[in-house]
Amino acid sequence: MTDTSTRIYVDADACPVKDEIYRVALRHGVPVSVVAGNFIRVPHDPLIERIAAGSGMDAADDWIAERARPGDVVITSDIPLASRCVKAGADVIAPNGKPFTEESIGMTLAVRNLMTDLRSAGEVTGGPRSFSPRDRSAFLSALDQTLRRIQRRRADAAATSQS
């Protein structure tokens, strides 16, 4: 029998919406893996696990990417990690609520690489805009909708397999 439970993976080192993730996950009864390079504080709840992936370069990203699969949700602003998880079939959401999809990830990765090249050549490109209450609200809505969509897909698949 295959495991069909959904899990939320959080790229936690710089995630500004951890409290929101916990709230939505607990409401839906979905387990959360909070993955960081080193120790990070998480609520004491059986649905929330803390993973210290190690301080190696991309250790937390690698840990998440090796486990993310269809039916899981990954929360990250790291575009290369998002790309890996989208390719694995997971639903991926940025902390501002923007989904990373198969349709959008290629262009997002290309823009990121271009900006990295420009910065390394000495161009001043500015940084990302600051995180706002509107971003927090958009994230909450996106995570809730994503979990509901996954639950519907699983229910539809179970109904189809029983008929």
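Asp 58 sits in the loop between strand 3 and helix 2 (59-67), where helices (H or I, at least four residues) and strands (E, at least two) are DSSP runs numbered from the N terminus. The model is predicted, so local features are given only at pLDDT of at least 70 and side-chain atom pairs only at pLDDT 80 or more, while totals for chains, interfaces and linings use all residues. Residues are numbered from 1 along each chain as its sequence is written, and side-chain values use heavy atoms, with hydrogens and water left out.

**Overall layout**

- The chain contains 5 helices and 6 strands.
- Read from the N terminus, these elements follow the order β-α-β-β-α-β-α-β-β-α-α.
- Of the 163 residues in the chain, 39% are buried, a term that means under 20% relative accessible area, with exposed being over 50% and partly exposed in between (1.4 Å probe, protein chains only).
- Among the contacts (heavy atoms within 4.5 Å) with a separation of 6 or more, 49% are between residues 24 or more positions apart.

- The 6 strands form an open sheet with mixed pairing, in the order 3-2-1-4-5-6; two strands pair if DSSP finds at least two bridges between them.
- Strand 3 (48-52) and strand 6 (99-100) are the edge strands, and each of them pairs on one side only.
- Strand 1 (residues 8-11) and strand 2 (residues 32-36) run parallel and are joined by 4 bridges.
- Across this pair, Ile 8 stands opposite Val 32, and Tyr 9 stands opposite Ser 33.

- Strand 2 is mostly covered, with 5 of its 5 residues buried.

- The buried residues of helix 2 are Ala 59, Ala 60, Asp 61, Trp 63, Ile 64 and Ala 65.
- These buried residues of helix 2 pack against strand 1, strand 2, strand 3 and strand 4, and also against helix 3 (79-87).
- Helix 5 (residues 133-162) lies across strand 1, strand 4 (73-75) and strand 5 (91-93).
- The direction of helix 5 is at about 175° to strand 5, on a scale in which angles run from 0 to 180 degrees between N-to-C directions and axes are lines fitted to C-alpha atoms, for helices over the stretch in contact.

**Asp 58**

- Phi of Asp 58 is near 65°, a positive value in a residue other than glycine.
- Most residues other than glycine have a negative phi, and most peptide bonds are trans.
- Asp 58 has a relative accessible area of 40% and therefore counts as partly exposed.

**Gly 71**

- Gly 71 belongs to the loop between helix 2 and strand 4.
- Because its relative accessibility is 7%, Gly 71 counts as buried.
- Beyond its neighbours within four places in sequence, Gly 71 is in contact with Thr 6, Arg 7, Gly 89, Ile 150 and Arg 154.
- Gly 89 is 18 residues from Gly 71 along the chain, and the C-alpha atoms of the two are separated by 7.6 Å.

**Phe 100**

- Phe 100 is part of strand 6.
- The relative accessible area of Phe 100 is 7%, so this residue is buried.
- Ala 90 is 10 residues from Phe 100 in sequence and 9.8 Å from Phe 100 in space, C-alpha to C-alpha.
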